Amino acid sequence: MSDTTKPTTSLFGGAVTVDGGRVQLHDAAVLTSAHMDALVHQAVFGNEGERTFARWLVWELGQTVGVRAASIHELYLARGAGKCSGFTVPAMNIRALTYDTTRAVFRTANTLKAGAFILEIARSEIAYTEQRPDEYVSVILAAALREGYRGPVFIQGDHFQVNHKKFAVDPITEVNAVKALVTEAVAAGFYNIDVDTSTLVDLSKETLAEQQRLNYEVCVDITRFVRAAEPAGVTISIGGEIGEVGTENSTPAELEAFMDGFNATLESQTPGTAGLSKISVQSGTSHGGIVLADGSIADVALDFDTLEKLSKVGRDRYGMAGAVQHGASTLPDAAFSNFPRLETAEIHLATNFQTMMFDHIPAALRADMYAWLDTNAKDERKATDTDEQFYYKARKKAIGPFKKQLWALPADVRGTLGAAYDKKFTFLFEQLGIAGTRAIVEQFVTIPEQHRPFPTGASTIVAAPDDADLSD
């Protein structure tokens with residue numbers, strides 16, 4: 001045992017030991033105690049050696065008791081084959097207070113026996129929240145262990161997006177940046193990845209096939225790279241995207257143009273390779289919502305008819321789970337029950353969880369974060385922005401620089417916020433029909449053990465280039 005392991009394993013008071021590079025768990029009760037809080041703090045804020053070992057230990061404890069990163073691919077193909085239905089998977093971007101927030105997710109999942117949910121982070125969010133994939137996975141798995149959750153944990157790379165401006169200047173370098181992020185993320189345990197090359201759609205072309213060509217060709221390139229990076233026994237769930245959120249609504253013809261081109265290209269290049277399990281579309285939302293001058297959010301004109309049609313085409317013609325709705329966080333509460341009714345495969349939720357956090361933190365801390373934005377994000381402020389509009393749109397950029405202060409919130413604040421998250425996740429899980437889906441997940445999803453070698457030094461995985469200005 002190295003010097004690094006001794007203080008880390010001692011956090012569990014002898015209930016966890018390491019022998020021959022493998023973890024021995026002598027008392028599972030310690031996993032749901034404050035000892036786990038101390039371990040996850042080392043995984044995030046310890047020195048390099050402490051972080052490396054703490055993250056390895058969290059992963060191996062999960063392997064030992066059955067809390068393992070997993071792919072939702074099998075469940076989505078089962079849905080495409082008509083073997084399950086009636087629920088919409090929430091994919092939740094957790095930008096801040098990730099440990100506390102995901103503990104609330106797992107508490108809710110335990111209460112409602114839910115299993116079909118995803119925790120995700122986008123390429124842009126990784127940058128501005130200062131959460132590399134390895135840290136993100138470790139914190140999520142630690143939260144699951146802390147709450148006594150058991151089963152597969154679906155962790156997703158959201159909007160692994162090609163920056164179209166950088167692509168126009170140097171396409172190889174920009175695509176390689178996304179591939180580098182894939183390498184980093186898969187090594188960490190992201191076994192679900194949304195490839196977003198919709199930025200390359202060219203509406204100036206005459207036919208839909210030509211408009212979507214660059215989108216599906218680059219998506220195939222990245223898909224093949226993802227498949228080559230898969231660990232043994234895992235088929236990563238990969239999603240494509242046909243229209244940027246916040247632009248014109250997608251159509252069935254556009255979906256068919258993309259999917260026909262994607263499938264033909266993938267089959268011609270690597271016959272028999274698993275394709276996409278879902279497709280992201282645009283049906284009237286925008287990321288973060290439209291902020292009005294008083295800081296409130298404008299009503300959203302979501303086209304549910306379009307969403308229903310696109311999901312049906314995805315299932316019936318291509319065997320996928322269906323369509324994915326981004327930017328759903330700011331929808332009115334009454335809208336959420338529509339998604340499972342229309343058989344929407346997945347919806348993405350982010351901004352509302354962030355808003356709840358900002359509403360609950362001490363006023364002095366919020367003022368400090370806003371003052372930081374005045375200096376460090378001033379270039380993002382439009383001349384017509386009110387203070388409310390600017391802070392609402394820009395405040396996500398302060399999350400990374402204030403991560404330590406957020407993790408150090410007083411216990412009473414964290415408790416109040418945790419209770420609010422419990423209520424929110426309960427509402428969402430019930431409205432989206434995922435209560436009781438643990439049995440469906442157990443039926444279709446396999447979670448092979450993925451043990452990792454004992455760490456003997458710093459990680460050799462190189463961090464991918466950051467780009468904080470993409471979709472989130």
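**Packing around helix α7**

The crossing of helices α3 and α7 is left-handed. In this predicted model, the axes of α3, which spans residues 48-65, and α7 lie 9 Å apart and meet at an angle of about 45°. The two helices are therefore oblique to each other. On the α3 side, the contact is formed by R55, V58, W59, L61, G62 and V65, and on the α7 side by D134, E135, V137, S138, L141, A142 and L145. By residue class, this contact of α3 with α7 comprises 8 nonpolar, 2 polar and 3 charged residues.

Helix α7, which covers residues 133-146, also packs with helix α5, residues 98-112. Two packed helices are described by the angle between their axes and the distance between the axes. For α5 and α7, the axes come within 8 Å and cross at roughly 45°. An angle from 35 to 65 degrees falls between the roughly parallel and roughly perpendicular ranges, so α5 is oblique to α7. The crossing of α5 with α7 is right-handed. Helix α5 contributes T98, Y99, T102, R103 and F106 to the contact, while α7 contributes Y136, V139, I140, A142, A143, A144 and R146. The residues of this contact of α5 with α7 are divided into 8 nonpolar, 2 polar and 2 charged.

When neighbours within four places in sequence are set aside, M36 is in contact with F12, V30, L31, L61, Y99, A142, L145 and R146. Among these partners, L61 belongs to the α3 side of the contact with α7, and A142 and L145 to the α7 side. Y99 takes part in the contact of α5 with α7, as do A142 and R146. M36 and A142 are separated by 106 residues in sequence, yet the distance between their C-alpha atoms is 6.9 Å.

The cysteines were also examined. A disulfide is a covalent bond between the sulfur atoms of two cysteines. The structure contains 0 disulfides. C84 has a relative accessible area of 9% and is therefore buried. C219 likewise counts as buried, because its relative accessibility is 0%.

Definitions and conventions:
Residues numbered from 1 in each chain as written. Predicted model: local features only at pLDDT ≥ 70, side-chain atom pairs only at ≥ 80, totals over all residues. Heavy atoms only, no water. Axes fitted to C-alpha atoms, helices over the stretch in contact; angles between N-to-C directions. Helix = DSSP H or I, 4+ residues; strand = E, 2+ residues; numbered from the N terminus. Parallel < 35°, antiparallel > 145°, perpendicular 65-115°, else oblique. Left-handed = near helix turned anticlockwise from the far one by under 90°. Contact = heavy atoms within 4.5 Å. Nonpolar A, V, L, I, M, F, W, Y, C, P; charged D, E, K, R; others polar. Disulfide = S-S within 2.5 Å. Buried < 20%, exposed > 50% of the residue type's maximum accessible area, 1.4 Å probe, protein only.
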